[in-house]
Amino acid sequence: MPAELVELQPQETHALRRAVLRTGTPNDEVVFDGDELESTFHLGLRVDGEVVAISTWVERPYPDRPGDRAFQIRGMATVDARRGEGLGERLLDAGIERCRRDGAALVWARARDTALAFYVRHGFVTVGLGYVDLTTGLPHHDVIRNL
């Protein structure tokens with residue numbers, strides 16, 4: 001059965017955030033700043049009633065471009081058993097299209113270094129120096145895509 005693109009409530013992202021994004025990290029927090037903002041949206045892909053991939057899009061300017069309307073991608077994750085099936089790409093394309101329709105000038109993320117190749121393949125550029133994210137203890141870079 002093909003995955004169905006759906007809009008989720010914030011709490012519907014928590015199980016996958018915990019399983020994919022917090023396992024092996026020093027922090028187990030799955031409620032993100034901005035989850036409940038009116039302009040935030042959460043996209044998911046569902047198969048047979050199970051959420052198998054998620055992404056959160058928070059309207060938030062990129063710090064170095066405060067005058068540009070932007071959305072930050074947060075909590076993008078796919079269940080391990082479904083990785084490599086293009087689910088992340090579907091979520092990214094759907095979210096970018098929605099941001100574009102809403103008049104955003106760019107989308108950005110604080111991407112784990114292990115995900116940089118994915119973002120670059122989809123038109124993002126790496127900005128600035130790398131850093132270790134204090135929440136996860138993992139290396140990250142900022143990535144931006146102009147719309």
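Predicted model: local features only at pLDDT ≥ 70, side-chain atom pairs only at ≥ 80, totals over all residues.
Arg-46 counts as partly exposed because its relative accessibility is 22% (buried means under 20% relative accessible area, exposed over 50%, partly exposed in between, with a 1.4 Å probe and protein chains only). Residues are numbered from 1 along each chain as its sequence is written, and side-chain values use heavy atoms, with hydrogens and water left out.

**Salt bridges**

- Side chains of opposite charge can pair when their charged atoms come close.
- Nine salt bridges are counted here (a side-chain nitrogen of Lys or Arg within 4 Å of a carboxyl oxygen of Asp or Glu).
- One of them joins the side chains of Arg-46 and Glu-12, at 3.0 Å from N to O. This pair links distant parts of the chain, 34 residues apart: Arg-46 lies in strand β2, and Glu-12 in the loop between β1 and α1 (14–22). Helices (H or I, at least four residues) and strands (E, at least two) are DSSP runs, numbered from the N terminus.
- Glu-12 is partly exposed, as its relative accessibility is 33%.
- Arg-60 and Asp-33 also meet through their side chains, with 3.2 Å from N to O. Here too the pair links distant parts of the chain, with Arg-60 in the loop between β3 and β4 and Asp-33 in the loop between α1 and β2, 27 residues apart.
- Asp-33 counts as exposed, with a relative accessibility of 58%.
- Within helix α2, Arg-100 and Glu-97 are three residues apart, so about one helical turn separates them. Their side chains form a salt bridge at 3.3 Å, N to O.

- Seven strands form an open sheet in the order β1-β2-β3-β4-β5-β7-β6, and the pairing is mixed (two strands pair if DSSP finds at least two bridges between them).
- β1 (4–8) and β6 (125–132) stand at the edges with a single partner strand each, so one side of each has no neighbour in the sheet.
- On average, neighbouring strands of this sheet are turned by 25° against each other, direction ignored (axes are lines fitted to C-alpha atoms, for helices over the stretch in contact, and angles run from 0 to 180 degrees between N-to-C directions).
- Strands β3 (residues 50–59) and β4 (residues 70–78) run antiparallel and are joined by six bridges. Along this pair, Ala-53 stands opposite Thr-78, and Trp-57 stands opposite Ile-73.
- On to the next neighbour: β4 and β5 run parallel and share four bridges, and Phe-71 has Val-107 in β5 as its bridge partner.
- The β-α-β crossover that takes the chain from β4 through α2 to β5 is right-handed (with the strands pointing away from the viewer, the path from the first strand over the helix to the second runs clockwise).
- Because eight of its nine residues are buried, β4 is largely enclosed by the rest of the structure.

**Helix α2 and Leu-87**

- Leu-87 is found in helix α2, and its relative accessibility of 6% is why it counts as buried.
- Its contacts (heavy atoms within 4.5 Å) are Ala-3, Leu-45, Val-52, Ala-53, Thr-78 and Arg-82, leaving out residues up to four places away in sequence.
- Two of these contacts, Ala-53 and Thr-78, are the residues that stand opposite each other in the sheet.
- By contrast, Asp-64 is 23 residues from Leu-87 along the chain, and their C-alpha atoms are separated by 30 Å.

**Asp-133**

- Asp-133 sits in the loop between β6 and β7, and its relative accessible area of 18% makes it buried.
- The side chain of Asp-133 reaches the backbone nitrogen of Thr-136 at 2.9 Å.
- Asp-133 also touches Leu-138 and His-140, not counting residues up to four places away in sequence.

Conventions:
Polar contact = N/O pair within 3.5 Å; in protein donor to acceptor, adjacent residues only side chain to side chain.
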